[in-house]
Amino acid sequence: MQLKNKLALSALSALFLVSCSKKEIQYEDPLITNRDTTVNPGDDFFHYANGTWFAKHPIPSSESSNGIFRTIGDTINAQIKNICEKSAKNTDAVKGSNEQKIGDFYASGMDTLSIEKAGLKPLAPTLAKISAITDVPTLMNTIAYLHTIGAGPAFSFYVGQDDKISSKNALFFAQGGLGLGQQEYYFNTDAETTKIRAEYVKHIQKMMGLIGEDGTTAQKAAATIMKLETELAKNSRKLEALRDPVKNYNKMTLAEFKTSTPNIAWENVLPQLGITKADTVIVGQPEFYKGLNKVVKAYSIDDWKTYLKWDVVNTYAAYLNNSIEKQNFYFYSTVMNGVKEQKPRWKRIVEQTDGSLGELIGQVYIADYLPKGSKEKLLEIGNNIRDVYAQHIKKLDWMSEETKKKALYKLSKIVMKVGYPDKWKDMSSVVINRKEYCANVMATNKWAYNYMIKKFGKPVDRTEWGMYPQTYNAYYNPSNNEICVPACNIIVPGFEGRMPDDAILYGIIGGSTFGHEITHGFDDQGSQYDDKGNLKDWWTAEDKAKFTQKTKAIVAQFNKFEPLKGKFINGDATQGENIADLGGVVMGYEAFKKTNQFKNKERISGLTPEQRYFMAYGYAWMVHAKDESITRQIMSDVHSPAQFRVNGPLMNIPEFYKAFNVKEGNKMYLPEKDRVVIW
């Protein structure tokens, strides 16, 4: 964000005064300029904290949402664009160097003439493999091959940590193969979902036409694909059912897996997936595979060829010629998310370059754009959050001493990966050229798949990162009992070039990031893993029952929230994130109380420390989204819409009530007996 012009002295309550080069520079305070004082904070704190920003920053026609994530994303994209363009200009970069790969990948994506000229040529070898299928064995082998290039037909497969033996990598088979993603899209009967299904069939028909099928064939293909996917969806679990780690962990021998699916020769499929020696597999949803076993025979080989051709084109549509790319955009962005126009091409290619070669870009990013001391500051905040978490656990009135000891031990063992990795992944084997964009994407997809496959049979590398330092996000991995907070989380819009005050740091980085991610270790899912990351019950029966009652209470709270008329949050599917939001904002506040700003009751811009903290937390989720995007989020995302990630947790926090004088009669008021306290 650019600095605003100096304001009149009468408006200084909304400004900071800081010393820089012996001159006083006035900065707008976003907590003040973003808020909408026509909204009562006790009725809708989310819009009170962010309403004016929303009014001044409508959602661009090229986006499904706008807010703090987009603002920070634009900052990062501009930096990555500089990296890409600088690399692309150096046509003499050493072949195989990071600079050559970044530059040529970006240049190939910007070379629309070559992309148009290539047409479907990048997919020709793959489409030929599909055409050569003659029977179920060659069908399954081809499906396996498609997984190795980034497609995902028929099912989901990956190598990851065994939930019950976290030191070991295992083979996982799960439900998948759906172009609409979630099971609900194939069966919900509301008007919007029914329309999306109809549009999906039209979209497939148009795409089949664009790849050369005549009108009659394209129409028939669309109907066949929809019918086959609906059959796969029939045996798929709903979103909330996928969140139970115990019920979605079904280890069986390869022989048992083969017995349950006699029509599929897994002993032949696994080598095609890159696995030569395997004795056990973990099947997430056994009923899905029993259904798949029937579907492989119920549909003709020609039907399966049609489905696989669609899956490949759908996977790579965004990297092909203009007509295919635009049709893909129309359905998945306009119909599904309400986005009316595409982002500028440079932005699309920057984001794809980062997605494909982020490991290489990250090395440049931390050297050129990461403020000094960022890693240390992030770690300081994280450790402070962990300290107050321990104090909270010790004081819990619903947990026994026996379980407290185990919870405290697990907390103490949480590994904090902060800033950037000490060791980068080796991408030296990836070959990138300057003229073939789709081929470059496929090459990086193959690398990522092979990187994953090579883990099988080797000990788990607990130093590995699952995000890039330039990714504005964070995660908790229950199998490693670790949190990862990339370096760019230090960015706070409106505070460029200066360190935000502690209320900001602890509201955003402390509460919504470190506090949130640590709480995932103790949410309804994470609480089922022990200190080493093994799926293991470490609770007493009585404590587990009390905890379950508390989680049911938060589920009930969120089930009542109605983001759009007639559309309610799925409290069961979102409970893990809602628990983490509640725990995060509480722990962030407790850690903030230990700062001098809080102890000295320091007012900034007329806000008390307490008010400033909660305003900062509201700023952390400053996002408004299009109705279509919210609808999709409700159906397919385990995160609640942003408004309820703010208002939902705060309704349970007494300090919030006091800071903003929330009283009975306010819309966010809850009687004390109805407020949820977990951690």
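**A chat about a predicted model**

Guide: This is a predicted model. The protein averages a pLDDT of 94, and 96% of the residues score at least 70.

Visitor: Over which residues is the pLDDT below 50?

Guide: That is residues 1-24. In the model, this stretch has 43 contacts beyond near neighbours in sequence.

Visitor: How should I read coordinates where pLDDT is low?

Guide: Where pLDDT is low, the predicted coordinates should not be read in detail.

Visitor: OK, sheets. What is the strand order in the open sheet of three strands?

Guide: The order is β8-β10-β9, and the pairing is mixed. β8 (415-419) and β9 (475-477) are the edge strands, and each pairs on one side only. From one strand to the next, the twist averages 15°.

Visitor: In which sense do β8 and β10 pair?

Guide: They pair in the parallel sense, over five bridges. β10 covers residues 482-486. Look for Gly419: this residue stands opposite Pro486 in β10.

Visitor: And which strands does helix α17 touch?

Guide: Helix α17 (residues 374-395) packs on the sheet and touches β8 and β10. The direction of α17 makes about 150° with that of β8. Helix α20 (residues 502-520) packs on the sheet too, touching β8, β9 and β10. The direction of α20 makes about 155° with that of β10.

Visitor: Is Ser527 buried or exposed, and why?

Guide: Ser527 counts as buried because its relative accessible area is 0%, and the cut-off for buried is under 20%.

Visitor: Which residues does Ser527 touch?

Guide: Leaving out residues up to four places away in sequence, Ser527 touches Lys410, Gly521, Phe522, Trp538, Trp539, Lys544 and Phe547. There is also a polar atom in the side chain of Ser527 that lies 2.6 Å from the backbone oxygen of Asp523.

Visitor: Next, the four-strand sheet. What is its order?

Guide: The order is β4-β5-β7-β6 in an open sheet, with mixed pairing.

Visitor: In which sense do β6 and β7 pair?

Guide: They pair in the antiparallel sense, over three bridges, with β7 at residues 280-283. The bridge partner of Met252 in β7 is Val281.

Visitor: Switching to rings. How many aromatic pairs does the structure hold?

Guide: It holds 50 aromatic pairs. One of them is Phe257 with Tyr289, an edge-to-face pair with 5.5 Å centre to centre and 70° between the planes. Phe257 is in helix α11 (residues 254-260) and Tyr289 in helix α13 (residues 286-298), 32 residues apart.

Visitor: Are Phe257 and Tyr289 buried or exposed?

Guide: Both are buried. Tyr589 and Phe598 also form an edge-to-face pair: 6.0 Å centre to centre, with 90° between the planes. Both Tyr589 and Phe598 are buried.

Visitor: Which residues do ring pairs link into a cluster?

Guide: The cluster includes Tyr589 and Phe598, along with Phe45 and Tyr48. Phe45 and Tyr48 are among the buried residues of helix α2 (residues 45-56).

Visitor: What do the buried residues of α2 pack against?

Guide: Their partners include β3 (65-67), α3 (68-89), α24 (609-620) and β11 (623-625).

Notes
Residues are numbered from 1 along each chain as its sequence is written. This is a predicted model: local features need pLDDT of at least 70, side-chain atom pairs count only at pLDDT 80 or more; totals for chains, interfaces and linings use all residues. Side-chain values use heavy atoms; hydrogens and water are left out. Two strands pair if DSSP finds at least two bridges between them. Helices (H or I, at least four residues) and strands (E, at least two) are DSSP runs, numbered from the N terminus. Axes are lines fitted to C-alpha atoms, for helices over the stretch in contact, and angles run from 0 to 180 degrees between N-to-C directions. Contact means heavy atoms within 4.5 Å. pLDDT is the predictor's confidence in each residue, from 0 to 100. Buried means under 20% relative accessible area, exposed over 50%, partly exposed in between (1.4 Å probe, protein chains only). A polar contact is a pair of N or O atoms within 3.5 Å; within protein, one must be able to donate a hydrogen and the other to accept it, and residues adjacent in sequence count only if both atoms are side-chain atoms. Rings of Phe, Tyr and Trp (its six-membered ring) pair if their centres lie within 6.5 Å; planes under 30 degrees apart count as stacked, over 60 as edge-to-face and the rest as tilted.
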